[in-house]
Amino acid sequence: MLVLDLLGVFFFAVSGSLLAARRDFDIVGSIMLASLVGLGGGVIRDLVIDQDVPNAFRMPIYILPPVLAVLSVYFHLFGVRRLRRTLMMFDAGGLALFCVTGTITALESGMGAVTAALLGLTTAVGGGIMRDAVSNEIPQVFNPRGVYAIPAMVGAALTSSLWTLGWLNAVTGTVVAGLVFGARVLSLRYGWRVPLASGIGKSLP
Amino acid sequence: MLVLDLLGVFFFAVSGSLLAARRDFDIVGSIMLASLVGLGGGVIRDLVIDQDVPNAFRMPIYILPPVLAVLSVYFHLFGVRRLRRTLMMFDAGGLALFCVTGTITALESGMGAVTAALLGLTTAVGGGIMRDAVSNEIPQVFNPRGVYAIPAMVGAALTSSLWTLGWLNAVTGTVVAGLVFGARVLSLRYGWRVPLASGIGKSLP
Amino acid sequence: MLVLDLLGVFFFAVSGSLLAARRDFDIVGSIMLASLVGLGGGVIRDLVIDQDVPNAFRMPIYILPPVLAVLSVYFHLFGVRRLRRTLMMFDAGGLALFCVTGTITALESGMGAVTAALLGLTTAVGGGIMRDAVSNEIPQVFNPRGVYAIPAMVGAALTSSLWTLGWLNAVTGTVVAGLVFGARVLSLRYGWRVPLASGIGKSLP
């Protein structure tokens, strides 16, 4: 669990570092943005659960993934040609892992099934919203191209259901995360869309 | 109380859905924005109060108003001609209800009169600030046209005072909310203004 | 300690009021922005620490610095000619004081040395990030001109180390804050930079 959670932090942190690179932030600003997106969603979850101190502040190992993410971007470990596409892949990876690990963390703290799924969703989308809000970007979760919140909702609900049925283990958890990741990536690849909020007809004035 | 609070969530959620429609978000992004503006202020209040789990996560019924708001905007239940004006009306309704219900929630949790009024104000303006911050809009509370925070401050202070005097009930609470709503709407209609922060003379360079 | 913390709130609040003045917010919007930047970082710290109610809501005296800051900007007590430069100076003052007082507050609540330093850093940069995020500015902490987070990190780590060694007192604490302030101001004056997140070569496409 801890490994998967740290991997989720790393994925989101890479997305933050790539955005920082594109925006010409320096490496320290990059560490700050990577930490915000990687740890922000989990901190909100932990504050809501009201356990003593959020993991990100209590366990110093949570500082490691953002630092590694910044270094890997700085040394161009990931293709920087199609930076935006790479960013979206890592963002999808963080989303997929966090909707599972976030829900499990909430369930392990004694939350009910519905509350835990809501917290898993919050963990999954919270960091990305903060990353984009402080960078003056419109958050991915609001981008009508592709689906974003739906796979996270389904992933969190599945995780919560599997737990309640006693069927949640390393295999099923990974399968759920894989499904979420696959749905997100395919939706970007093929431009899946859900109806616009403005309803029938064209967009509003 | 719960009904009034859910109504406040609904009003703010409609404001979020209308903004989502104007920005060409899809219906899922609209649900996320409607939830953020409708529930965000109350979650901060509940975290500050340090009760176990914020209402929005503990009571699943709080998901209902954002969903209804998104549907009502999707099916054009509210005039979409003057979308910005409609948005401001619903925002005013949420502001008016939340400065009362937010203060009462804090008082019922044992907060002192001043802390409770500050929390009522935070509940009332917090969700709208989040809505606008993630949408890259300058929050309404900073817009010099009309008054926004002042009626919410007065409403929260009145609610707290009436409670302390033992005069708070369904009637007086509704009157306070009505006064806040009226002041906000009239200030927009007639362009009331308070002095600019830059002080005497013209705005700063 | 309380005096230094209130002074930090005042410094950050002035930075918020100056930004409000430059953006043509009115005095009430200015109070809201000044409160957000002055109190936001500390509220997050207190929520993470999980003490009962954050200081800013529990002790009404914390409302005073934002109000004084708004009045001092309104009456042009600080040179308004070079508004941006004045803003940066006050922001540096808040950063310097908060990385010390934020760390001490966390240590006094029983946090470990590393957690306390992280919370001191969060207190120091959190309010400024919120100020800039809601005003649609790219936060100072991401600006590659000058150093921002590094002096705050060093200041928080020094404070935590001095406390652990039993050497922290009014004098050493003030020296640390002075060093942080000096480093920040000199870095702006001489345009110190750290490497860009995009790594070797030019910025990414």
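Mentor: Two residues are in contact if their C-beta atoms, placed from the backbone, lie within 7 Å. This is a predicted model, where local features need pLDDT of at least 70, side-chain atom pairs count only at pLDDT 80 or more, and totals for chains, interfaces and linings use all residues. Residues are numbered from 1 along each chain as its sequence is written, with chains lettered from A and ligands numbered from 1 in the order in which they are written.

Trainee: How many residues of chain B are in contact with chain A?

Mentor: By that cut-off, 30 residues of chain B touch 29 residues of chain A. The largest share of chain B's side, 7 residues, comes from α2(B). Helices here are DSSP runs of H or I with at least four residues, numbered from the N terminus.

Trainee: How do you know which class the residues on chain B's side belong to?

Mentor: Ala, Val, Leu, Ile, Met, Phe, Trp, Tyr, Cys and Pro count as nonpolar, Asp, Glu, Lys and Arg as charged, and the others, Gly among them, as polar. On that scheme the side of chain B touching chain A has 20 nonpolar, 5 polar and 5 charged residues.

Trainee: Why is α1(B) called roughly antiparallel to α5(B)?

Mentor: Axes are lines fitted to C-alpha atoms, for helices over the stretch in contact, and angles run from 0 to 180 degrees between N-to-C directions. Under 35 degrees counts as roughly parallel, over 145 as roughly antiparallel, 65 to 115 as roughly perpendicular, and the rest as oblique. The axes of α1(B) and α5(B) come within 8 Å and cross at roughly 155°, so the pair is roughly antiparallel. By class, their contact has 12 nonpolar, 6 polar and 3 charged residues.

Trainee: What makes α2(B) oblique to α4(B)?

Mentor: The axes of α2 (residues 27–49) and α4 (residues 64–74) of chain B cross at roughly 130° and come within 9 Å. That angle therefore makes α2(B) oblique to α4(B). Residues meeting there include B:Ile27 and B:Ala34 in α2(B), and B:Pro65 and B:Tyr74 in α4(B).

Trainee: What span is expected of helix α7 of chain B at 1.5 Å a residue?

Mentor: The expected span is 1.5 Å times one less than the number of residues. Helix α7(B), residues 149–165, has 17 residues and reaches 24 Å from its first C-alpha to its last, close to the 24 Å expected.

Trainee: Which parts cover the buried residues of α7(B)?

Mentor: Buried residues (20 or more other C-beta atoms within 10 Å of their own; exposed, 12 or fewer; partly exposed in between) include B:Met153 and B:Trp163 in α7(B). Their cover includes α5, α6 and α8 of chain B together with α2 of chain C.

Technical notes:
Helices (H or I, at least four residues) and strands (E, at least two) are DSSP runs, numbered from the N terminus.
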